[in-house]
Every structure is written in structure tokens, then in C-alpha cells.
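Visitor: I'm new to reading structures. Could you walk me through a couple of features?

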Amino acid sequence: MTAPQLQAAKPAGTAGPAPSPLVRARDVLASEWTKLSSLRSNRWTLGAAAAVTLVLTAVVAASFAAAPHSGQRAAPVDRLATSFLAFAEYLVLPVTVLSVLVFTSEYASGLIRTTFTAVPQRRTVLAAKAAVTGAAALVIGEVLAFACFFLTQAILSGRHGGLSLAHPGAVRGVLAAGFVLAACALVGVGAGAVLRHTAGAIAAAVTVVYLLAVLCLVLPAPWNLRLGRFTLPFAAYAEVTAHPPAGLFSPWLSLLVLIAWPAAALLAAAVVLTRRDV
Amino acid sequence: MRPGSGAAIAVVAVALAFVVYCLVDLSRARVRNLPKWAWAPIICLTIPWGGILYLILGKDRTTPAVPDPAPPPDVTAGALGVHSSPAAPHIPRRIPAGPVQIDVDGLTKRFGPVTAVDDLSFAVRPGRVTGFLGPNGAGKSTTLRVILGLDAPTSGTALVGGRRYQEFIRPLHEVGSLLDATAVPAGRAAWSHLRAIAQSNGIGQRRVREVLELTGLETVASRRIGEFSLGMKQRLGIAAALLANPPVLLLDEPANGLDPEGIRWFRQLLQAMAAEGRTILVSSHLMSEMAQTADHLIIIGRGRLLADVATEQFVSGTSHDVLVQSPSAGELASLLTASGAVVAPENGGGLAVTGMNAAAVGDLAVSHGIAVHQLVTRHGSLEEAYLALTGASTDYRAGSPLPEVQTARAAR
């Protein structure tokens with residue numbers, strides 16, 4: 001009389017044919033999307049970061065709008081780059097940290113073993129996590145970049161005249177700002193996969209995303225820009241400024257820099273993940 | 001409509017509103033000034049939204065399941081011990097045509113100078129529950145991790161059905177496993193956790209609901225796993241292992257934290273699944289539980305194989321003796337010794353006799369007119385047999401607790 005229900009079941013065939021690579025990719029992507037979207041803390045953190053970013057963007061724009069228009073001011077207000085001051089400060093950091101947690105939280109709880117048991121092809125897992133996190137960061141980044149741009153231009157329009165998207169470089173700057181967020185998120189994913197521990201991975205990601213540029217700023221004159229232009233913040237600035245200082249890379253070269261950092265992080269992760277015991 | 005799709009639609013609506021606003025802004029201004037290439041990225045930007053929408057709202061592909069036979073009668077729920085579920089669901093079983101065997105051959109795993117598993121070879125055969133025993137640090141978990149492709153062996157192989165685990169494309173359909181029930185995301189709801197695992201192997205929502213009902217967790221499916229007790233986490237881990245209805249189960253300490261009813265339910269589940277021809281390997285420290293559940297035992301110590309025997313044979317092969325109590329114990333003892341038996345006095349009074357069975361002891365007593373108050377044949381337990389076998393190979397042995405207690409008191 002033990003569990004007749006189980007015994008009554010008829011044995012059937014095996015799991016069926018192996019899925020095509022496309023179906024397989026969709027499965028793993030859907031799984032990672034469920035993981036990312038089902039954490040309440042992620043939604044709250046992102047919502048708060050977005051709200052703070054928008055409020056501070058308005059504050060920054062208002063303070064520029066209130067500044068004296070003519071006279072001693074050497075450089076005119078960079079109406080494009082101003083839009084993304086708060087964006088760079090208050091959105092990039094939380095998104096980078098959440099991206100680091102994509103891997104390190106699984107290592108901390110041990111869930112990573114379940115993940116790699118369900119999908120033994122570890123590079124597929126890395127690719128899916130990177131794709132889902134990067135896509136989410138790109139969408140959030142673009143939406144908030146456009147929001148920050150329009151908000152700033154609406155506030156500036158009173159005294160300086162707000163820019164329209166048709167202004168030369170405006171579309172490029174806004175699109176690039178959103179892309180920067182995705183690039184930082186991917187650096188975070190790669191750092192988390194390589195270092196496994198949350199604290200260390202956050203330190204590494206923040207070093208790449210912020211601190212290297214700060215270090216370059218204190219170098220003597222020609223070298224600060226010569227080295228600095230290879231860092232993420234300088235490349236991002238080259239994309240969004242209407243008045244690039246001499247010595248920075250062109251926007252297209254800067255885009256390469258913005259792609260190279262996350263690519264390097266993910267490459268390191270791909271190499272390390274397959275060679276290490278979980 | 002699926003939960004969460006409302007929020008997704010709202011997000012996409014806001015995003016689309018932005019795109020429209022951008023286009024309006026552009027059309028108001030001098031559109032001709034806009035570089036032509038700028039249109040391409042604007043269009044490209046909409047693609048990720050489409051992809052994410054597809055992921056969220058995409059049609060669920062439930063695994064091709066066996067057509068349901070008649071629903072099971074209600075009594076089965078009670079027999080399964082699935083409490084708080086009035087009618088246990090019917091679980092369609094998919095067992096491969098051929099039996100699946102796990103073969104561990106010459107497996108060695110070193111972590112730096114430490115050899116966790118040392119030239120270990122055994123086979124786990126289908127159709128029975130195999131217990132995997134060993135002291136702490138004996139290498140059980142390492143062996144399971146190597147079988148599951150998580151750790152790379154230093155040498156040797158561990159094959160499931162003749163294949164390395166890493167070769168499986170949807171491995172949950174081949175092997176269900178539970179390594180550590182506490183390795184779960186505290187912030188995620190049980191439902192989302194199982195759903196994410198299921199999606200990675202193309203398993204549909206219906207099946208997630210089924211395993212939640214099978215393990216009695218359907219009422220707490222939407223609660224955060226952080227609020228779960230250890231027993232509930234064990235049930236969740238078992239649910240995850242059963243998701244794809246696999247022909248092989250690898251379970252590490254699955255009975256930890258289960259209540260007695262849960263243990264009974266779990267034992268019956270394992271035995272029923274073994275009877276269907278599945279291959280089941282369970283590690284455990286609960287000896288009495290293992291004695292009741294496992295048909296076969298694999299015992300290791302310090303990474304080496306100590307025993308690979310049927311449970312019955314292992315237990316009965318251990319020493320057994322006869323306990324006899326008599327008012328004239330001294331006389332009986334000398335008679336027994338004269339007949340070739342070995343006699344030792346017992347603590348609680350009476351004699352422990354080895355080398356002679358109970359019937360012979362009774363006959364001897366009667367023939368000499370000696371009264372016998374108790375006559376019992378005592379078998380060694382699995383626990384004793386296990387301790388006798390592994391005594392020499394224990395890595396971490398507790399010291400005598402008494403001196404520590406005394407020093408602790410002295411310190412106070």
C-alpha cells in the first residue's frame with residue numbers, strides 16, 4: 001500500500017529530442033530573466049535610484065539655469081553634458097552593484113551549484129546573465145537618459161535656450177549615455193563572475209567604473225588625458241559633451257573604449273568559469 | 001494574464017511614450033539637421049524591448065507529458081503523507097526505456113595537498129535505493145559534485161548512463177539532484193525559484209505547480225524562501241530535484257530537518273520511485289533512517305570505498321549475541337564456557353553469550369535444571385556496524401565531552 005499513485009503511473013519515453021540551440025538559448029534567457037525580475041529588492045533599488053536621478057537632474061539643471069548668463073564665465077554651460085551629471089552619479093553606481101550581485105549573490109547562497117547543475121554549459125549561463133542584465137540596464141539607461149535630457153532642456157529653456165534632439169551631437173549623446181549604463185552593468189557581471197565575493201567584486205567594478213578615472217585626473221598635465229581617455233568615465237564624457245577638450249578620443253573611438261571594458265570583463269569571466277570548480 | 005505582465009506592459013508603454021515624445025520633438029525642430037545615421041540607433045533601441053516582452057509574455061512550452069490516465073483515488077494522498085493537500089496530483093512519470101546506471105571509476109579528487117576522494121570505484125544500479133554513507137569529510141559531497149560536473153576530477157571518471165554530466169543539454173531530465181537545501185535565494189518566492197530552474201530546462205509552469213503540490217508546498221509558493229524552515233527548504237529542494245521527473249536521483253542529506261511525517265513520506269516516495277526502475281543515490285547521517293530506506297549501501301571513509309553491500313547483508317554480517325538472565329548466573333556461565341561459548345557479564349545483570357544460539361543456550365539450561373528469566377537474540381544495528389567499519393577512518397572525532405564541561409565550569 002505504499003504510494004500506489006506513483007506505481008500506477010505508466011513509464012514513458014525519455015526526455016525527447018535535444019532542443020535546438022535557439023530554443024536552448026531562449027530557455028536559459030527566460031530563466032535568468034525570471035531570477036532578475038523576481039527579486040523585490042531589485043525593483044525597489046532601481047525605482048529609488050531612478051527617482052533620485054530624476055530629482056537631482058532637475059536640481060542640477062535649475063542651478064545652472066539660475067547661474068549668471070553672461071560676463072566672467074569662461075566656458076558656456078555644456079547644455080548636453082549637464083543633463084547626465086546626476087545620471088552618472090546616482091544611477092550608474094546602483095546598477096553596477098546590482099549587476100555584481102547577479103553572480104556573487106548566487107555564489108554566496110550556493111545557488112550557483114543549482115544553476116550550473118541545471119545548465120552545465122557555464123558559458124551559456126554567463127552569456128544569458130550578461131544578456132539579460134545588459135538588456136535591462138540598456139533599456140533603463142536609455143529611458144532615463146532621454147528623461148534626463150528632456151527634463152534638463154525644459155528647465156534650461158528659460159534663460160539659455162534648451163536643446164532639441166536635432167541639435168548636433170544631441171541624439172548621439174543621449175543614446176551613448178544609456179549605453180554607458182549597460183557597459184557598466186556588464187563590467188559588474190564580469191567582475192562578479194571572476195571574483196565570486198560581493199565585496200571584492202564591487203570594489204573591482206567601482207575601480208573600473210569610477211576610480212581609474214579619478215586616479216588619472218591627478219596625473220601631471222599631458223598624461224591625465226592621455227591615460228584617462230582609456231577609462232570608462234572619460235570615454236563616456238567624450239560621448240556626451242558638446243565641447244570636447246583636446247586630447248580626448250573622438251566619439252567613435254570612445255565607443256570602442258566603452259565596448260572594450262565590458263568585453264574584457266566578460267572574456268575573463270568566460271575563461272575563469274570553465275576552468276574552476278564550483 | 002501572467003503575474004508581472006501588467007508591470008511589464010506599463011514599463012513598455014512608458015518607454016514607447018518616450019519614443020513618441022522624441023519623434024515629436026524631432027519633428028518640431030529642424031529634422032533635416034539630424035544626421036541620417038541617428039535614425040538607425042533609434043530603431044535599434046526598440047529591439048531589446050521586443051526581446052524582453054517576448055521573454056515575459058512568450059508562450060509557455062510545457063514539456064511533452066504522458067497523457068493523463070484516470071485521476072488517482074483520494075486515499076493515495078494519505079498514503080503519500082502529503083499533508084495539507086486534499087488530493088495529491090497525478091505525476092506523469094517518464095522513465096527511459098533502458099535503466100540508467102551511475103558508474104564511478106577510479107575517481108580521485110585532490111584539493112591541493114588534501115585528497116578528498118582516493119581511487120573510488122562503485123556503481124549505482126537502477127531499481128533500488130542506494131545509501132551513500134561515510135563520516136564527515138569522507139568525500140561523499142565531493143563525489144556527488146564530481147558526478148554532477150561541478151568539480152573536475154583529478155583523475156578517473158564519473159558517468160551517468162555512460163555519459164559525462166556536462167554532455168547533457170537538458171540535464172534535469174536525466175538527473176535530479178539536491179546538494180544543499182539551504183543553498184536557495186532568500187529573497188525570492190518559492191514559485192519564482194522553481195520557475196527559474198524549470199525554465200532553464202524547458203519545463204512548463206504546470207509541472208512547477210505539480211511538484212509544489214507533491215511536496216506539500218503549494219500554500220506557501222508565493223512566500224519568500226527566507227521565511228522557510230529547514231524542513232520546508234528540504235521539501236523545496238526535493239521539489240526542484242523532481243521537476244523534470246528524472247530517471248536518476250542524487251540526494252545529499254535530504255532528510256535533514258524533515259519532521260517524522262515528512263521522513264516517512266520521503267521514504268515512501270524514494271521506495272516507490274526505485275520500484276519504478278529509477279536509480280537513486282541518497283547520502284545520510286541518519287543510520288536508522290538509512291536502514292529502513294536503503295536496499296543497498298555504499299560506505300566510504302577518507303575518500304576510499306569501505307563497503308558496497310546489500311543493507312541486510314551488512315547488518316546481519318555484524319556480530320550478534322544472546323542475552324540470558326538467570327537467578328543462578330554463575331552456574332550457567334561455567335556450563336556455557338565448558339560448552340565452548342564465550343560469556344561476558346552484562347551491565348544490567350545477565351550474561352552476553354557469543355558462539356552459541358539462543359536455542360542451544362535454552363536447551364543447556366533446561367538439561368541442567370537452571371531457571372532462565374530472559375533469553376534474547378540481539379542483532380547489531382546498522383549504526384553499530386557502521387561505527388565498527390568507519391571507526392578507523394573518521395577525520396573529525398569529537399573528544400570526550402566530559403573534560404570540556406568541567407573546564408567550562410571551572411572557568412565560570
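Visitor: How are α2(A) and α7(A) set to each other: parallel, perpendicular or oblique?

Guide: Angles under 35 degrees count as roughly parallel, over 145 as roughly antiparallel, 65 to 115 as roughly perpendicular and the rest as oblique. Here the axes of helix α2 (residues 21-37) and helix α7 (residues 122-156), both of chain A, cross at roughly 55 degrees and come within 9 Å, so α2(A) and α7(A) are oblique. Axes are lines fitted to C-alpha atoms, for helices over the stretch in contact, with angles from 0 to 180 degrees between N-to-C directions. Helices (H or I, at least four residues) and strands (E, at least two) are DSSP runs, numbered from the N terminus.

Guide: One caution: this is a predicted model, where local features need pLDDT of at least 70 and side-chain atom pairs pLDDT 80 or more, while totals for chains, interfaces and linings use all residues. Residues count from 1 along each chain as written, with chains lettered from A and ligands numbered from 1 in the order written.

Visitor: And strand β6 of chain B: buried or exposed?

Guide: A residue is buried if 20 or more other C-beta atoms, placed from the backbone, lie within 10 Å of its own, exposed if 12 or fewer, and partly exposed in between. In β6(B) (residues 248-252), 5 of 5 residues are buried. Val248(B), Leu250(B) and Asp252(B) point one way, Leu249(B) and Leu251(B) the other.

Visitor: Which strands does β6(B) pair with?

Guide: Strands pair if DSSP finds at least two bridges between them. β5(B) (residues 175-178) runs parallel to β6(B), with 4 bridges, and β7(B) (residues 279-283) is also parallel to β6(B), with 5.
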